[in-house]
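Please have the sequence and the coordinates open alongside the text.

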Amino acid sequence: MKKRRMIAGLASCAMATTLVACSSGSSDKNNTLTVGVNQELNGVFSPAYYSSSYDNYAIDLVYEGLLGYNAENELVPELAQEMPEISEDGLTFTFKIREGAKFSDGTPVTSKDVKYSFTLLADPSYTGRFAINAENIVGYEEYNKGDATELTGIETPDDETVIIHAKEPRIDNLVTFGDSVRIMSAAQFDYKKGDTSEIESNTSDMLGSGPYKLNSYDKASGASFVRNENYEAKDGEYTVEKIIIKTTDVQTEVDELKSGNVDLLPQTIEQQKIGTVSKDDKLTYNTYFRAGEGYIGFNAGEGHTTADNAVRQALSYATDRQAFVDSYFKFEDASDEVTENTELGYVPDVYWNPVSENLGEYVRGEKTIDGLTVYNFDLEKAKSVLEEAGWKVGDDGYRYKDGTKLEVKWMLSKDNSVLDTLIPMVQKSWKEIGVDLKQTTVDFNTLLDTVSNPEKSSEWDIFFLATGYTGLADSDANNYYGNTPDNYSHIQDAQLEDYLKKGLYTNDVEVSKENYLAAMQRASQLDAYLPIYGNQYFDLYNKRVKNLNTSSVHSWAQAMDQVTLEN
């Protein structure tokens with residue numbers, strides 16, 4: 001399933017700030033939460049088309065799924081009135097929409113809006129990343145590739161009832177139908193089967209049923225949101241009237257937090273910033289295990305040196321991940337509470353969801369499994385792998401095979417503190433094993449656009465990104481391999497895809513776990529993605545912010561129900 005995997009640019013993920021809209025007065029400012037992000041919002045605020053974690057903050061403020069995760073990482077009703085009724089065979093899910101739910105334009109949310117939100121993902125002209133969320137609904141193939149005029153697997157017997165019929169048992173059906181799709185208004189655009197162009201060209205236009213609505217957006221400075229007056233909040237919930245997400249310089253964001261220009265820097269990993277905040281009496285923090293990893297992606301497409309599995313493995317063995325973690329995540333100056341109680345970073349054994357309910361222990365290295373290839377730093381091993389694959393050292397010190405030089409093109413994102421530490425390390429070690437490293441630096445949105453576009457595959461061999469997971473499932477792994485939009489590495493392997501399919505298409509937890517473990521082993525051998533680090537997240541904020549309850553899969557934007565501002 002597409003568990004709303006998100007991509008972060010600055011692996012530091014410390015969010016920075018620049019004001020997006022002026023306050024109308026002191027009372028407005030006093031009840032305004034200003035959140036800093038250190039990358040520009042891309043403005044793709046459609047739940048059907050976004051890819052950036054920064055844009056997803058906006059989506060989480062404005063849109064709702066039928067279900068969502070709370071601060072205890074439990075799946076609970078959101079737009080649904082209650083948890084769904086599930087048939088004995090696990091194939092039929094009956095949801096009731098929350099009484100009184102309305103979009104921000106005042107129109108009621110009905111079962112037809114739910115059906116539309118899934119139907120859009122099944123449309124033959126749909127170009128976004130989330131079609132996988134509709135693929136297991138009865139009638140998907142007939143609608144996507146045939147002459148069917150509707151997605152027949154979703155029934156709407158009345159305005160409040162939605163019945164979703166799954167084609168096959170899947171370990172993630174409940175999460176996919178409940179949490180992975182944000183519900184959009186069927187009336188917002190003039191949608192007809194085979195033509196999603198109007199929706200795709202207006203992805204900054206937001207119309208959701210969530211507690212906030214978009215007030216203004218500017219690519220350079222950020223966005224502002226105000227309370228959705230048509231959202232019926234419970235007493236004491238969603239008392240913050242205005243939220244500003246603004247973009248600032250990564251170098252000055254903590255100064256802005258200390259001065260009060262910014263209230264919150266979420267999901268920070270930079271030890272200097274965490275240390276500074278931990279020793280400031282006016283500031284505080286939340287900390288929790290990160291549902292994500294920073295990773296290197298290798299282009300396994302034809303014509304690339306990194307298409308050779310031996311090259312990928314050698315580069316991985318020649319990357320001293322532990323030295324990077326020891327350097328980047330070492331606290332230089334922090335409170336005793338932080339230094340004594342926090343291991344800020346660690347080296348994952350494999351690229352996988354580290355908060356997976358079933359397999360997270362293997363990712364974090366707390367359990368081991370035979371057959372898992374772990375790339376501990378070993379230059380001699382790296383050289384040996386290349387030698388055995390026919391890459392021989394030439395007179396210039398670089399390796400060649402069949403007349404091709406071992407050159408790799410790394411596309412970097414600018415203003416990335418992780419790369420500031422990592423790149424000098426690999427420049428030295430990769431050269432030592434005979435690799436000619438070429439670098440190109442672009443802004444984050446350009447990087448994301450390039451690596452996600454198969455037509456631009458020739459422009460890069462390697463990239464670095466950080467990924468975040470919004471749930472606890474293993475089925476995210478199904479998105480990274482085979483013919484899926486998120487297979488940035490272009491890796492193809494029938495055995496791996498078979499394990500992933502068997503892990504996904506079952507209701508038996510043990511069968512799923514067994515196959516996903518086998519998939520994890522095979523994926524580690526293929527080495528399309530090398531995890532560089534996992535870490536603790538720190539939400540850094542002013543003490544005037546109260547009751548901010550965040551967790552691994554419950555971000556600040558999802559935690560606004562309990563937040564209050566003290567003035």
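Asp333 has a relative accessible area of 47% and is partly exposed, where buried means under 20% relative accessible area, exposed over 50%, and partly exposed in between (1.4 Å probe, protein chains only). The model is predicted, so local features need pLDDT of at least 70 and side-chain atom pairs count only at pLDDT 80 or more, while totals for chains, interfaces and linings use all residues. Residues are numbered from 1 along each chain as its sequence is written, and side-chain values use heavy atoms, with hydrogens and water left out.

Asp333 forms a salt bridge with Lys279, at 2.8 Å from N to O; the term stands for a side-chain nitrogen of Lys or Arg within 4 Å of a carboxyl oxygen of Asp or Glu. This pair links distant parts of the chain, 54 residues apart: Asp333 sits in the loop between helix H10 (321-328) and helix H11 (336-341), and Lys279 in the loop between helix H8 (271-278) and strand E13 (283-289). Helices (H or I, at least four residues) and strands (E, at least two) are DSSP runs, numbered from the N terminus. Lys279 is also partly exposed, at 47% relative accessibility.

How many salt bridges does the rule give? The count comes to 26. One of them joins the side chains of Lys246 and Glu256, with an N to O distance of 3.5 Å. Because Lys246 lies in strand E11 (residues 242-247) and Glu256 in helix H7 (residues 253-259), the pair ties together parts that are 10 residues apart in sequence. Lys246 is buried at 5% relative accessibility, and Glu256 is buried at 15%.

Lys273 and Glu270 make another salt bridge, at 2.4 Å from N to O. Are these two residues buried or exposed? Both Lys273 and Glu270 are buried. Elsewhere, a network of salt bridges links Asp60, Asp179 and Arg182.

The sheet is the last topic. Strands E16, E17 and E18 form an open sheet in the order E16-E17-E18, with antiparallel pairing; two strands pair if DSSP finds at least two bridges between them. Strand E16 (392-393) and strand E18 (404-405) stand at the edges with a single partner strand each, so one side of each has no neighbour in the sheet. Strand E17 (residues 399-401) is joined to E18 by 2 bridges, and the two run antiparallel. Which residue in E18 is the bridge partner of Tyr400? That partner is Lys405.
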